[in-house]
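Hi everyone, thanks for coming.

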Amino acid sequence: MNTRTASLTAQVVIFLSVPVLPAPARGQTVRLGAGDTLTIGGFIDATMFTNRGLFGAFGQGQDAEYAALPANQPSTDPLFTDGDVRNTRLRLDFSGAQVLKGWAPKAALEVDFFGGRDAPPFGDEQPRQRIRLAYADLTNGRTTVRFGQYWSPFFAEVPVSVTHIAFPLGYGAAGMVGWRFPGIFLYRDLNPGKSIPIQLQLAAFEGSGPAANASDVATGIGNGEASGLPQLEGRVNFSRKTPKLAWSGYAVGHVDWKDINGTGVAGDNLTSWGLEGGGSVAPGHFTLHGNIYYGRDLGQQFGHITQQGDIRGWGGWAQAGYDFTPHLGAWLFYGSDQPDADRFRRDTGAPLLRQLNHNLDALVRFKAGRYALGAEYFGAVTQWSTGRATADQYALSVMYTL
């Protein structure tokens with residue numbers, strides 16, 4: 001936006017037109033003047049679900065991932081029914097005219113409603129808004145420099161679901177890893193126009209991890225930030241599409257450093273690292289995709305069943321889907337995360353809290369234009385240091401893409 005008037009116009013469009021006017025077309029573009037545009041997008045996602053048993057940490061609905069502690073599982077009457085609309089998302093994409101020869105600015109703001117949980121009977125129907133992504137780009141089409149909060153390259157292939165979107169299937173529980181961070185991101189198409197396009201991604205973003213001492217707890221400084229060093233990642237994407245077959249693949253490398261003693265205390269940094277690979281293949285109506293990772297101390301990237309500390313281990317998932325008709329399809333997901341609990345005990349003398357997790361999901365999905373309806377089963381089997389726990393979810397979800 002080049003003028004204050006254009007800025008005010010954009011605010012009026014954003015905050016008045018969305019609730020009052022009919023739902024905009026997918027990716028509806030509003031022209032702001034001086035060559036600037038605003039594209040409004042997002043989706044509404046609503047779920048009704050019945051759970052048998054309790055899920056841990058993240059929540060019981062659209063964010064269910066692994067089973068809660070055995071001691072926290074109900075011994076009788078484990079069933080309950082609830083609803084969730086927090087996946088709902090609003091996205092604003094801004095695009096500006098060229099500011100340098102061949103280079104133009106862009107920006108995006110994305111919000112959802114996972115910002116908090118208030119108590120029933122009334123608070124749980126009022127999800128709180130939060131920022132997911134906020135960044136500004138400078139791009140010439142082949143190269144993009146991004147500054148702001150965006151997904152780390154570790155966050156790549158994503159399972160299909162109508163219920164589990166903001167917290168994808170297996171996220172932080174069964175091999176689905178990665179998180180969003182403020183930082184600097186570089187995207188470069190290495191061979192545009194070739195039959196197998198290759199893209200390079202490089203990123204340096206804020207360190208992350210739990211606070212290491214009482215002073216850092218009080219000031220909100222994690223051990224990754226206390227190291228004074230960023231997280232670094234590099235990723236290579238490659239793909240090919242023909243009338244009969246589409247496939248893609250990627251490989252990611254990660255390194256970061258954590259000051260395990262925190263600020264104000266002398267000591268060395270712990271070097272954390274990770275490797276990940278994945279991709280998809282889609283011959284005709286069939287799709288198979290997934291990823292696998294291995295690394296050390298990747299809790300801030302939702303690795304090792306989302307546990308922080310000097311933990312090593314691996315995880316992976318795969319999902320197969322088939323579209324029987326243009327409207328009806330079915331998907332089957334399996335994933336597992338297996339941190340090295342024996343090594344952790346040898347190194348620390350203490351048991352690892354979450355030692356193994358398996359996730360299974362089965363989805364039947366109906367699609368018609370912007371509308372999608374999914375009937376979905378999701379289950380988790382989690383091995384804790386105190387025993388084994390299970391939890392199951394049966395969900396009916398609707399998504400409407402704005």
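Let me start with a question: is Ile-305 buried or exposed? Ile-305 counts as buried, because its relative accessibility is 0%; buried means under 20% relative accessible area, exposed over 50%, and partly exposed in between, with a 1.4 Å probe and protein chains only. Its phi is positive, near 55°, in a residue other than glycine. You will find Ile-305 in the loop between strand S13 (286-296) and strand S14 (312-323). Helices (H or I, at least four residues) and strands (E, at least two) are DSSP runs, numbered from the N terminus.

A quick word on where this comes from. This is a predicted model, in which local features need pLDDT of at least 70, side-chain atom pairs count only at pLDDT 80 or more, and totals for chains, interfaces and linings use all residues. Residues are numbered from 1 along each chain as its sequence is written, and side-chain values use heavy atoms, with hydrogens and water left out.

Another residue with a positive phi is Ala-57, at about 60°, and Ala-57 is not a glycine either. Ala-57 sits in the loop between strand S2 (36-52) and strand S3 (79-84), and with a relative accessible area of 66% Ala-57 is exposed.

While we are on loops, look at Pro-121, between strand S5 (104-112) and strand S6 (130-139). The peptide bond from Pro-120 to Pro-121 is cis, with omega near 15°. Pro-121 is exposed, at 57% relative accessible area.

Now to Thr-163, in the loop between strand S7 (143-151) and strand S8 (180-189). Thr-163 counts as buried, at 0% relative accessibility. What does its side chain make a polar contact with? The partner is the side chain of Glu-376, at 3.1 Å. A polar contact is a pair of N or O atoms within 3.5 Å; within protein, one must be able to donate a hydrogen and the other to accept it, and residues adjacent in sequence count only if both atoms are side-chain atoms. Not counting residues up to four places away in sequence, Thr-163 touches several others, including Asp-45, Gln-62 and Ser-397; contact means heavy atoms within 4.5 Å.

On to the nonpolar side chains. The largest nonpolar core has 26 residues, and Phe-55, Tyr-66, Phe-167 and Tyr-171 have the most contacts inside it. Such a core is a set of buried Ala, Val, Leu, Ile, Met, Phe, Trp, Tyr and Cys residues joined through side-chain atoms within 4.5 Å. S17 supplies the largest share of this core, three residues. Leaving aside neighbours within four places in sequence, Phe-167 is in contact with Phe-58, Gln-62, Asp-63, Glu-65 and Phe-114. Apart from that core lies another, of eight residues, among them Phe-43, Ile-165, Trp-331 and Ala-372.

Last, a look at which residues line the largest cavity. They are Asp-310, Ile-311, Arg-312, Asp-340, Arg-343, Phe-344 and Asp-347. Helix H4 (residues 341-348) gives the most to this lining, with three residues. A cavity is a set of points, on a 1 Å grid over the protein atoms alone, where a 1.4 Å probe fits but cannot get out, and lining residues have an atom within 4 Å of a point.

That's my tour; over to you.

Technical notes
1 Å grid on protein atoms, 1.4 Å probe; cavity = no way out; pocket = protein on both sides within 12 Å on 5 of 7 lines; lining within 4 Å.
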